[in-house]
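I opened this notebook to keep a record of what I looked up in the structure, entry by entry. The entries follow the order in which I went through the chain.

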Amino acid sequence: MNTPTNQQLLNLLCEITDPREMSAALEIILTDSEQQEVDKRLQIFNALEDKVAQREISARLGVGIATVTRGSKAMQTDSYQLLREKLANSRAHKG
């Protein structure tokens, strides 16, 4: 999506380097429910990277198998591949 508002969002997020500021930005942009969905999406990516079966991921996270399958398909996109290393690095440094 390439709208002026989307560009504003991209510019804002690119300017943020402080984790506290990023957390604040996500809090005002996303609802609690949306933040939970993003969290689950990242958990799906992590589990798929760990070669966990889709049905096990579905049961573990309490999401439908279609949600896990969408995550798997997202991982096959150029966008995911562009960010794969950054996702792996952020996962290694969590905690």
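I began just after α3, where Lys 51 takes a positive phi of about 65°; helices here are DSSP runs of H or I with at least four residues, strands are runs of E with at least two, and both are numbered from the N terminus. The model is a predicted one, in which local features need pLDDT of at least 70, side-chain atom pairs count only at pLDDT 80 or more, and totals for chains, interfaces and linings use all residues. Residues are numbered from 1 along each chain as its sequence is written, and side-chain values use heavy atoms, with hydrogens and water left out.

I noted that Lys 51 has this positive phi although it is not a glycine, and I set beside it the rule that most residues other than glycine have a negative phi. Lys 51 is found in the loop between α3 and α4. Is Lys 51 buried or exposed? I found Lys 51 exposed, with a relative accessible area of 71%, where exposed means over 50%, buried under 20% and partly exposed in between, with a 1.4 Å probe and protein chains only.

**Helix α3.** I then went back along α3, which runs over residues 32-49, has 18 residues and reaches 26 Å from its first C-alpha to its last, close to the 26 Å expected at 1.5 Å a residue; the expected span is 1.5 Å times one less than the number of residues. Its buried residues are Ile 44, Phe 45, Ala 47 and Leu 48. Seen down the axis of α3, these fall within an arc of 165°, so they line one face of the helix; the arc is that of the directions from the helix axis to the C-beta atoms. The face turned away from the buried side carries the exposed residues Asp 32 and Gln 36. I listed α4 (54-61), α5 (65-74) and α6 (78-92) among what covers the buried residues of α3.

**Helix α4.** In α4 I found Ile 57, Ser 58 and Leu 61 buried. Seen down the axis of α4, they fall within an arc of 100°, so they too line one face of their helix. They pack against α3 and α5, with contact meaning heavy atoms within 4.5 Å. The face of α4 turned away from its buried side carries the exposed residues Arg 55, Ala 59 and Arg 60. Just after α4, I noted a positive phi of about 70° at Gly 62.

**Ser 72.** This residue lies in helix α5 and is buried, with a relative accessible area of 17%. Leaving aside its neighbours within four places in sequence, I found Ser 72 in contact with Leu 48 and Gln 54.

**The whole chain.** How many helices and strands are there in the chain? I counted six helices and zero strands, in the pattern α-α-α-α-α-α along the sequence. The C-alpha atoms fill a box of roughly 40 × 30 × 25 Å, taken along the principal axes. Buried residues make up 19% of the 95 residues in the chain. Among contacts between residues at least 6 apart in sequence, I noted that 34% join residues at least 24 apart.
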